[in-house]
Amino acid sequence: MSAPRRVLFTVSMLVLLSGCASYGVIENTPIATANREDGYSVRTFTARSSHGETAVTVALSGGGTRAAALSYGVMKEMRDTPWQGGNGGAQTFLAEVDSISSVSGGSFTAAYYGLFGERLFEDFEEKFLRKDVQGSLVRGLFNPFRWFSSSGRTELAVETYNRELFENATYADMLKRDDLPLIIINASDLGYGVRFSFIQDYFNFLCSDLSTYPVARAVTASSAVPIVFNPVVLENYPDCGTTPPEWLLAAKKRALESKSLRLQGLVTGLETYYDKDTRKYAHFVDGGITDNLGLLAVFDYIAVVGGVEAYIKKTDRTPPTRLVLISVDASTSPEPEMDSSNRQPSIAETVGAMSNVQLHRYNIATDELIKAAAQEWSEALSTPGQPVEIYLIRISLEELDDEEDQKFFNQVPTSFSLTDEQVDRLIAVGAQLLRDDPEFQRLLSEVNGPRVVN
């Protein structure tokens with residue numbers, strides 16, 4: 001059994017054996033007005049954007065520090081890529097990004113950029129990527145006082161991320177950065193299997209104000225592996241009433257008329273937040289459970305509001321002529337150790353193998369769903385005189401051609417503690433994969449002109 005899995009298994013057994021009830025710390029505050037569209041919301045950031053010809057969304061997957069480092073490398077390459085298509089003339093491609101959707105490990109990179117901008121490239125490596133964050137967390141988890149704490153083990157993670165990375169910042173601090181994209185941190189609702197985004201649009205379901213909420217707590221929810229960490233708990237305030245808004249009721253009607261099982265499931269899950277008597281609290285864990293690629297946040301939002309044309313109208317955005325979606329997938333395909341002998345696999349190996357298979361299939365299904373949706377969006381927004389071009393850019397470690405590279409990255413664990421060599425190579429390969437991607441080069445060629453090779 002690998003070291004990370006031994007740690008996971010040991011901690012899980014200790015947690016299960018402790019049998020101690022714990023209670024989630026509540027830090028979300030209520031709001032008086034239902035369905036707010038101000039604050040850290042889609043509408044706010046759409047109004048801030050240049051409404052230029054190119055709409056860029058980046059999705060950062062889960063996968064611990066491996067995902068955070070790969071995402072960092074991709075974003076570093078974006079920063080270093082000239083972009084001639086902005087309204088203000090020449091700038092970097094990173095400055096053209098409208099939104100970043102993230103889960104689990106990718107949420108650390110996304111949230112840090114959303115708070116501190118270019119500072120990401122100054123101290124994020126030292127503060128997080130090259131730090132033994134897992135060591136600090138594991139030592140805390142093995143502290144007997146934590147096992148029997150009424151506040152739960154997750155508070156240790158919140159404290160660590162606040163101290164080491166996010167400096168006690170809230171979403172009000174993130175909202176001040178009007179030069180940066182919307183950061184959509186995603187978690188999974190443990191009770192009903194709903195993917196939940198930490199933006200005001202979703203906090204409206206809870207009748208809660210996102211602006212006062214700590215960024216570290218949102219990232220903790222996005223990366224809270226079940227069993228090892230307790231869920232992050234939010235209170236579902238009743239003050240805004242128990243009747244879903246008109247747009248959600250309209251989405252329910254469309255779902256029934258179209259017989260779309262996916263849309264029906266999405267709407268039904270969101271409606272549960274209005275059952276205030278039963279759902280007094282909501283429990284959130286690792287976002288990778290419901291969407292390990294971070295791609296579904298954009299798809300779900302557009303689907304619920306009624307399609308891409310309705311989304312454009314709702315947000316008062318000028319229709320773009322280019323839709324760019326960059327997916328950074330840090331998943332790997334390690335060879336299972338169990339197949340080297342007839343020894344029966346351990347519980348941890350069995351659970352890990354089952355998770356990997358399910359995750360791989362879910363990622364494929366998500367990719368196919370987004371490809372089909374992107375084509376529909378293009379057709380819906382195109383006019384005879386102005387077609388809308390789609391650029392789907394997939395950055396994946398599984399796309400590497402070199403066998404030695406494949407072998408190396410397949411051995412990089414999903415943990416919060418990597419070697420300097422692993423971090424260096426993840427950053428470098430992230431930049432390389434974006435730089436060499438044919439779709440990315442096609443986009444740059446259209447906007448900047450043909451690529452000059454020295």
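This is a predicted model: local features need pLDDT of at least 70, side-chain atom pairs count only at pLDDT 80 or more; totals for chains, interfaces and linings use all residues.
A salt bridge here is a side-chain nitrogen of Lys or Arg within 4 Å of a carboxyl oxygen of Asp or Glu. R262 sits in helix α13 (residues 261-271) and D300 in helix α14, so the pair ties together parts that are 38 residues apart in sequence.

Two packed helices are described by the angle between their axes and the distance between the axes. For α13 and α14, the angle is about 90° and the axes are 11 Å apart, which means that α13 is roughly perpendicular to α14. On the α13 side, the contact is made by R262, L263, L266 and L270; on the α14 side, by L296, F299, D300, A303 and V304. Sorted by type, the residues of this contact come out as 7 nonpolar, no polar and 2 charged. Helix α13 also has a buried set, made up of L263, L266, V267, G269, L270 and E271. What covers these buried residues includes α10 (200-203), α12 (246-258) and, once again, α14. A bit of helix geometry is handy here: an α-helix has 3.6 residues a turn, so residues three or four places apart point the same way.

The axes of helix α3 (residues 64-80) and helix α5 (residues 120-129) come within 12 Å and cross at roughly 170°. Angles over 145 degrees count as roughly antiparallel, and α3 and α5 are therefore roughly antiparallel to each other. Helix α3 brings T65, A68, A69, Y72, M75, K76 and R79 to the contact, and α5 brings L120, F121, F124, E125, F128 and L129. These residues divide into 9 nonpolar, 1 polar and 3 charged.

Salt bridges turn up in other places as well, and a search of the whole structure finds 33 of them. One of them joins D123 to R119, with the closest N and O atoms 3.0 Å apart. D123 has a relative accessible area of 15%, so it is buried; R119, at 23%, is partly exposed.

How many residues of β11 are buried? The count is 8 of its 8 residues, so the strand is mostly covered. In a regular strand the side chains alternate between the two faces of the sheet. In β11, R322, V324, I326 and V328 point one way, L323, L325, S327 and D329 point the other way, and all are buried. Strand β11 also has paired strands. Strand β2 (residues 54-60) is joined to β11 by 7 bridges, and the two run parallel; A59 has S327 of β11 as its bridge partner. Strand β12 (residues 389-396) is joined to β11 by 8 bridges, again running parallel, and here D329 is partnered by S396 of β12.

D178 lies in the loop between α9 (171-175) and β6 (182-189), and it is exposed, with a relative accessible area of 54%. D178 and F45 are 133 residues apart in sequence, yet their C-alpha atoms are 8.0 Å apart in space.

Finally, the whole chain. It has 19 helices and 12 strands, and buried residues make up 53% of its 454 residues. Among contacts between residues at least 6 apart in sequence, 80% join residues at least 24 apart.

How values were computed
Residues are numbered from 1 along each chain as its sequence is written. Side-chain values use heavy atoms; hydrogens and water are left out. Axes are lines fitted to C-alpha atoms, for helices over the stretch in contact, and angles run from 0 to 180 degrees between N-to-C directions. Helices (H or I, at least four residues) and strands (E, at least two) are DSSP runs, numbered from the N terminus. Angles under 35 degrees count as roughly parallel, over 145 as roughly antiparallel, 65 to 115 as roughly perpendicular and the rest as oblique. Contact means heavy atoms within 4.5 Å. Ala, Val, Leu, Ile, Met, Phe, Trp, Tyr, Cys and Pro count as nonpolar, Asp, Glu, Lys and Arg as charged, and the others, Gly among them, as polar. Buried means under 20% relative accessible area, exposed over 50%, partly exposed in between (1.4 Å probe, protein chains only). Two strands pair if DSSP finds at least two bridges between them.
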